[in-house]
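Welcome, and thanks for taking a look at this one with us. Below is a short tour, grouped by topic, to read alongside the sequence and the coordinates.

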Amino acid sequence: MLHVRLAPGPAPRNLSRRWDSSAYLHSWCSVPCPSRLSLSRAYSIKSSSIGSATGLCLGQCCRIKPLSCKCKLGRSSQPPPDSRQHFSASSSASEAVLTAQSDIRKLFVANEKIGVLLLNLGGPETLDDVQPFLFNLFADPDIIRLPRAFRFLQKPLAQFISVARAPKSKEGYASIGGGSPLRQITDAQGEALMEALCGKDIPAKVYVGMRYWHPFTEEAIEQIKKDGITKLVVLPLYPQFSISTSGSSLRLLESIFREDEYLVNMQHTVIPSWYQREGYIKAMTTLIEKELLKFPKPQKVMIFFSAHGVPLAYVEEAGDPYKAEMEECVDLIMEELEKRGMANPCTLAYQSRVGPVEWLKPYTDETIIALGQRGVKSLLAVPISFVSEHIETLEEIDVEYKELALQSGIKHWGRVPALGCEPTFISDLADAVIESLPYVGAMAVSNLEARQVTSITGHAKCLLFVFCM
């Protein structure tokens, strides 16, 4: 029986300012995982004592009403009433948790070997790597979802697509230096995170596991075992959860853990998404603010959030929360910009679609053309779903979309860099790891139980029940 203790999520928010969609309060499945859970429901956690002598608590699921909104895409000058308190509540909650760091060290660090596993997509490091990388990508059933009766075609189809797409993909990678910089950037983020944790008196080793290229997740897990890690925090480097990114990595992790006795006994927790964290939002806002000031008329610039797309069926049929989380993330960033005196218009679109199926709309390329036709003259692109530079930012946005924008009548173009090792961002990731430590091993300490944290955590298998089954 898998037992999971999950941190309570942030309070529900009203997304009625911009988005025509349903929003969900993301708390997570607790003990035990009974069956597949539908994301048309929202779950929160109730605490129940399992023994006053131990002072430990487990969570129990209770269903609450889903949130919904009906609105037109667009921005008003006034944020919803509850949103004004979001960061103050999150900040006080985060501070409350961090004031207990000494307790956390005593309870969760002493005599333990703590590890942090960073998960990312991976990318080809040379042009010869492109075709096998694409094969690994399209062989993933969370990327190309075939009906059960046709899953025997997964690898042959992946081979066909990867061979067909390799020549064009090689041209793209050649234009950015002959390979993806993702591994080097992720390694640097891991080093920076380890230093930040050390500075917060949390000695931990940080590992990097890529889904589709070296170092593969399996390689990272083997090193974790060799190092004798006893408590592991799994941190996908995707701010927003999607079945096709974090979900795919969690599915792989669950299969690895299930087959290995050492891993079965190793306590772990997962932070599946963290787009709502104050440090992340403020770091993104600071980068946007810096780029806005480079324009001749900063107040006239349209802020263009471009996120990696997913097939529409993932959201509408499989219950992927990606779209709702993305829209809320943009909401939070724009609210933070307003606090800094910037009331620019904004829009959100989705890039990188492939194949004949319908993907999340609006599409980035079509939106750029439409903005030009509307007379927009200054555009600042913000790669909202990426924390590292790679081909989608360096080639697709910087080359293809910039050229399209200039052809569409846009005169001034800018692009916000990915976060990389931005200090506020890295420090906030370290805080997320520290805040998750009480939930490693599926238990919560009673004197931390009431503290609100801004990362939602749980075991890989339980999160798969929530999102990916």
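## Rings, strands and cysteines

Arginine 353 places its charged end over the ring of tyrosine 363, at 3.8 Å from the ring centre. Please keep in mind that this is a predicted model.

**Charges over rings**

- Besides arginine 353 and tyrosine 363, have a look at arginine 145, which lies over the face of tyrosine 314 at 5.2 Å from the ring centre.

**Aromatic pairs**

- The count of aromatic pairs comes to four.
- Tryptophan 213 and phenylalanine 216 make an edge-to-face pair, because their ring centres are 6.2 Å apart and their planes meet at 65°, where an angle over 60 degrees counts as edge-to-face.
- Tryptophan 213 and phenylalanine 216 are both buried.
- Tyrosine 322 and tyrosine 350 form a tilted pair, with 6.4 Å from centre to centre and 55° between the planes.
- This pair links distant parts of the chain, since tyrosine 322 belongs to helix α11 (residues 322-339) and tyrosine 350 to strand β10 (residues 346-351), 28 residues apart.
- Both tyrosine 322 and tyrosine 350 are buried.
- One aromatic cluster is formed by Trp274, Tyr280 and Phe425.

- Inside the order, strand β9 (residues 302-308) runs parallel to strand β11 (residues 378-383), and five bridges join them.
- In β11, leucine 379 is the residue that stands opposite methionine 302.

**Cysteines**

- How many disulfides does a search of the whole structure find? The search finds zero.
- Cysteine 198 counts as exposed because its relative accessibility is 55%, and the cut-off for exposed is over 50%.
- Cysteine 346, by contrast, is buried, with a relative accessible area of 14%, where buried means under 20%.

Key:
Residues numbered from 1 in each chain as written. Predicted model: local features only at pLDDT ≥ 70, side-chain atom pairs only at ≥ 80, totals over all residues. Heavy atoms only, no water. Disulfide = S-S within 2.5 Å. Buried < 20%, exposed > 50% of the residue type's maximum accessible area, 1.4 Å probe, protein only. Phe/Tyr/Trp six-rings, centres within 6.5 Å; stacked < 30°, edge-to-face > 60°. Helix = DSSP H or I, 4+ residues; strand = E, 2+ residues; numbered from the N terminus. Lys NZ or Arg CZ within 6 Å of the ring centre and 35° of its normal. Pairing = 2+ DSSP bridges.
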